[in-house]
Amino acid sequence: MAELAALEDPRAREVNARHGDDHGVNLGKLRTVAKRLKTQQELALELWKTGDTAARLLALLVCRPKAFDQAELDAMLRQAGTPKVQDWLVSYVVKKSPHVEALRQLWFADPDPAVASAGWALTTERVAKKPEGLDLPGLLDIIEAEMQSAPDRLQWAMNHCLAQIGIEHAEHRARALDIGERLEVLKDYPTPPNCTSPFAPIWITEMVKRQQQ
C-alpha cells in the first residue's frame, strides 16, 4: 500500500477522475509492480479487501482467475465501485473463469445498470467469438427498445454489442445500421483524429471495410 501511495500522481488522478475513477496511479507503473509480484492469490485477496481502487486494480493483475467461485466473482463485481475496476475484473478475471457463461446470464438483466453492463460486455464477447446459441435478433430487439434511455455505462455496453453484431454478422448488418441511425446514440461523441467513432453506423461501416481490405 505504501508503494502504491508513492506512485500517486496528481495529473493521473485528474485524468482518471474524468472517467469516474478515484486513483492517481499511472497504469503502466501499476503493471510494472504486478510483473514483479507475479501471480499471488493470497496477496490479491488482501489487496481487494482494502477497498482502495489502485490496490484492487493490482489485485486483478496478480490474482489467479480460476481460483474464484461464481459467488465470489458476483460479489466482487457488485463491490467494484469504479468503471476501471469493473472493466479489469470482467476482462482479466471473469473472461478466464469457468463461470463466465453463468455470470453472463446472471448479470445480463440485473436491475443495477453497472452490473447489467458487465453482462452485456460478456455478451458482446460471445457475439464476436462464440455466437452459437445466442438470440441475435432478440438482442437487437432489446437494444432497439432500451438503449436510447439506458444509463451511460449500460448504454455504452449495449452500443458495443450493436456494433459487434453489425460487424460480425452480415445477415443482421442492415438492421443494426438502421437501429444505430434511428437512435443516434453517441452520434456526436467527440472522437480524436485517427480513431473510429463509437457511433454504431460509422463503427460498423469502418470495421467491415477494414475486414474486406
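Me: Which residues are buried in helix α10 (residues 136–146)?
Reply: Buried means under 20% relative accessible area, exposed over 50% and partly exposed in between, with a 1.4 Å probe and protein chains only, while helices are DSSP runs (H or I, at least four residues) numbered from the N terminus. In α10, the buried residues are Leu136, Gly138, Leu139, Leu140 and Ile143. This is a predicted model, in which local features need pLDDT of at least 70 and side-chain atom pairs count only at pLDDT 80 or more, while totals for chains, interfaces and linings use all residues. Residues are numbered from 1 along each chain as its sequence is written, and side-chain values use heavy atoms, with hydrogens and water left out.

Me: Which helices do the buried residues of α10 pack against?
Reply: Contact means heavy atoms within 4.5 Å. The buried residues of α10 pack against α8 (100–108), α9 (113–129), α11 (152–168) and α12 (173–183).

Me: How many disulfides does a search of the whole structure find?
Reply: A disulfide is a covalent bond between the sulfur atoms of two cysteines, and the cut-off here is a pair of cysteine sulfur atoms within 2.5 Å. The search of the whole structure finds zero.

Me: Is Cys161 buried or exposed?
Reply: Cys161 is buried, with a relative accessible area of 0%, whereas Cys195, at 46% relative accessibility, counts as partly exposed.

Methods:
Helix = DSSP H or I, 4+ residues; strand = E, 2+ residues; numbered from the N terminus.
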